[in-house]
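Hello,

Here is the structure I promised to pass on to you. Please have a look at it, and then read my notes below.

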Amino acid sequence: MATTNGAVENGQPDRKPPALPRPIRNLEVKFTKIFINNEWHESNSGKKFATYNPSTLEKICEVEEGDKPDVDKAVEAAQAAFQRGSPWRRLDALSRGRLLHQLADLVERDRATLAMTTLCASPGMSPLVSVGPSLHGTSPC
């Protein structure tokens, strides 16, 4: 129940829900390859799979299909990133924090696009549910 002074009542803060984002029409898909070690790669097998808009069943694009060799390559790259002397390990905590905050700022900036293209891709999840959590720092999952 909302109050007039912004207090929390019944565990719910007094605030309006976020506005629903507008559907994104003709979203350009720029990246369909596998991202490993800060580079885009084709899958080892060369296989691809189609992704579809769950509300229209319209094909969005085809993306690389990663198999065990691709996963092994990604795990190897991730392990190397944490080895002594790696660029990430040489960064001090302040620099790492700045990078993580920049990432958070980008996610916040593009939250509507992310909500409409990733979270709403799960059948049954409304834009309000998917955008709202990013605004308030919680996750519906």
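**The aromatic cluster**

Phe 31, Phe 35 and Trp 40 are linked into a cluster by ring pairs. This is a predicted model, where local features need pLDDT of at least 70 and side-chain atom pairs count only at pLDDT 80 or more, while totals for chains, interfaces and linings use all residues. Residues are numbered from 1 along each chain as its sequence is written, and side-chain values use heavy atoms, with hydrogens and water left out.

Rings of Phe, Tyr and Trp (its six-membered ring) pair if their centres lie within 6.5 Å; planes under 30 degrees apart count as stacked, over 60 as edge-to-face and the rest as tilted. By this rule there are 2 aromatic pairs. Phe 31 and Trp 40 are stacked, because their ring centres are 4.8 Å apart and their planes lie at 5 degrees. Phe 35 and Trp 40 have ring centres 4.7 Å apart and planes at 55 degrees, so this pair is tilted.

How exposed are these residues? Buried means under 20% relative accessible area, exposed over 50%, and partly exposed in between (1.4 Å probe, protein chains only). Phe 31 is exposed at 52%, whereas Trp 40 is partly exposed at 40% and Phe 35 is partly exposed at 46%.

**The chain as a whole**

Of the 141 residues in the protein chain, 13% count as buried. The chain has 5 helices and 4 strands (DSSP runs: helices are H or I with at least four residues, strands E with at least two, numbered from the N terminus). Along the sequence the pattern is β-β-β-β-α-α-α-α-α.

Best wishes
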